Amino acid sequence: MTSYTDTVTTDTPAIDALAINTVATDAVADTDVDELCRAVRGFAESKLSGTPESHADFRRRWRMTGQQGVLGACVPTSYGGAGLNATATSAVMEAFGYGCQDTGFAFSCAAHLFACLMPIVHFGTEEQKRRWLPALCSGEHVAAHAVTEPDAGSDALHLTTRAEHRGETFALSGTKCFATNAPVADVLLIQAATRAGGGFFGLSSFLVRADAPGVQVGQPYRKVGLHGSPTADIYLDECVVPASDLLGPEGAGAGVFSLSMRWERTCLFAIYLGAMRRVLDTTVQYARQREQFGVPIGSFQAISHRIVDMELRLRSARLLLQQAARGLDAGDEDDIAPALAKLAVSEAAVQCGMDAIQIRGALGVLDGEAERLLRDALPSRIFSGTNEIQRNNVARALGLGAPRPAQRPTPSEEPRGHHRASHTATARSRS
């Protein structure tokens, strides 16, 4: 596969459905994926410069990105998506991260796809897929996944947001925080407890219109990074939704959440691979041109070795992410690969930002892509399951550390319409 630093034209076409169908096969050629990546990178470089200045500007960029095929990259073509597999999707997301200098906006696009659309693809009814997915793929609508609560971060199974079953409806009440895309969302994927105490079989997922009675979205956060990604709290006060808006069976919420996290840890982090490559390329160029003591600073081992380590971390992280993507395509239940990919990419991105700043000297602390990468990378060690939690998950998968308390509900406690095995398989990947 060629480098994303190859020259591309800025007047690039949207991802072609015929090409996508070819890419989604196991016999995909590198040249096909390269063509898609060049199109996406060229679009992002020419159309997505700067950071959205308003919600209206955000929606304008969002619609263009949907028309380009990015927002529905791995959604089946029958529902308006591009039909890519995880391996090809991760390559496209890396190209998108390279071309879009606003990593926050790219992050919003990826969170929309992997945390919201893919759960609908895997758990939704036919009616739900046809109702929601086409507009979410095209860029007409924006989705937000609301899981985190003030008292439930890493302990995501013990939510206080309740969904009370009332005949043919559910009434949702509670508070969600750090919900990506909430200020601009049209549909919310809400995780709520349908059984006292929550637990793995006590959570359920709901598709809720953002303008539904009983839903209120707070003011956007002021964050250290990812400025192009609007994030806010969501307040639910007796929000009544029909039972038909339940995503998956009642009690399947943890499975829905686990599925979304697996896609995020595998494909969302490809955005950071692209951002790192972009900053590394300009860092190499700077080291070649900047002279001190009569020679380019790149000739000093202190500089050249630092750059080599940046390259080493980037390539190593990419290999781990690609391995996780291939496992996702193969249906593997490996918990280690997605966790290691998330760890490697996020830690490499933070260090890449620090190294790029150090090499630039005083220029590095001025407003620019080096310090921006560092600010945008810091949250990556927290979202999608903190890096500490990922290390716990890997250690547990290796048979180390204390196991989680067994949760063995009686048959009457299991989610209706699901077999226990289907949830046991996803339990291992939750954060």
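User: In which strand is Glu238 found, and what is its relative accessible area?

Analyst: Glu238 is found in strand β7, which covers residues 231-242, and in this predicted model its phi is positive at about 55° although the residue is not a glycine. Most residues other than glycine have a negative phi. Buried is a term for residues under 20% and exposed for those over 50%, so Glu238 in β7 counts as partly exposed, with a relative accessible area of 38%.

User: Where is Phe293 placed, and is Phe293 buried or exposed?

Analyst: Phe293 also has a positive phi, near 60°, in a residue other than glycine. The place of Phe293 is in the loop between β9 (291-292) and β10 (295-296). With a relative accessibility of 81%, Phe293 in that loop counts as exposed.

User: How many of the residues of strand β4 are buried, and which residues lie on each side of β4?

Analyst: Strand β4, residues 187-193, is mostly covered, since seven of its seven residues are buried. The cover applies to both faces of the strand. One side carries Val187, Leu189, Gln191 and Ala193, and the other carries Leu188, Ile190 and Ala192.

User: Which strand runs parallel to β4, and what is the bridge partner of His145 in β4?

Analyst: Four bridges join β4 to strand β1, which spans residues 143-146, and these two strands run parallel. Within this pairing of β1 and β4, the residue of β4 that partners His145 is Leu189.

User: Over how many bridges do β4 and β5 pair, and which residue in β5 stands opposite Ala193?

Analyst: The pairing of β4 with strand β5, residues 203-209, is in the antiparallel sense and extends over seven bridges. Ala193, one of the buried residues of β4, stands opposite a residue of β5, namely Leu203.

User: What is the volume of the largest pocket, and which element gives the most to its lining?

Analyst: About 830 Å³ of space lies in the largest pocket, and of the 38 residues that line it, the closest to its centre are Thr148, Phe178, Ile382, Phe383 and Ser384. By class, this lining has 21 nonpolar, 15 polar and two charged residues. At least two residues each come from α5 (103-123), β1, β3 (169-180) and α7 (253-268), and the element that gives the most, with five residues, is α5.

User: How many cavities of 30 Å³ or more are found, and which element gives the most to the lining of the second largest cavity?

Analyst: A search of the whole structure finds two cavities of 30 Å³ or more, and the second largest cavity holds about 40 Å³ of space. Its lining consists of Gln101, Thr103, Ala275, Arg278, Val279, Glu369, Arg372, Leu373 and Asp376, with α8 (270-289) and α11 (369-377) as the elements that give two or more residues. By class, that lining has three nonpolar, two polar and four charged residues. The element that gives the most, with four residues, is α11.

Note on methods. Residues are numbered from 1 along each chain as its sequence is written. This is a predicted model: local features need pLDDT of at least 70, side-chain atom pairs count only at pLDDT 80 or more; totals for chains, interfaces and linings use all residues. Side-chain values use heavy atoms; hydrogens and water are left out. On a 1 Å grid over the protein atoms alone, a cavity is a set of points where a 1.4 Å probe fits but cannot get out, and a pocket is an open set with protein on both sides within 12 Å along at least five of seven lines; lining residues have an atom within 4 Å of a point. Grid points are joined across faces, edges and corners, and a volume is the space filled by probe spheres set on the points. Ala, Val, Leu, Ile, Met, Phe, Trp, Tyr, Cys and Pro count as nonpolar, Asp, Glu, Lys and Arg as charged, and the others, Gly among them, as polar. Buried means under 20% relative accessible area, exposed over 50%, partly exposed in between (1.4 Å probe, protein chains only). Two strands pair if DSSP finds at least two bridges between them.
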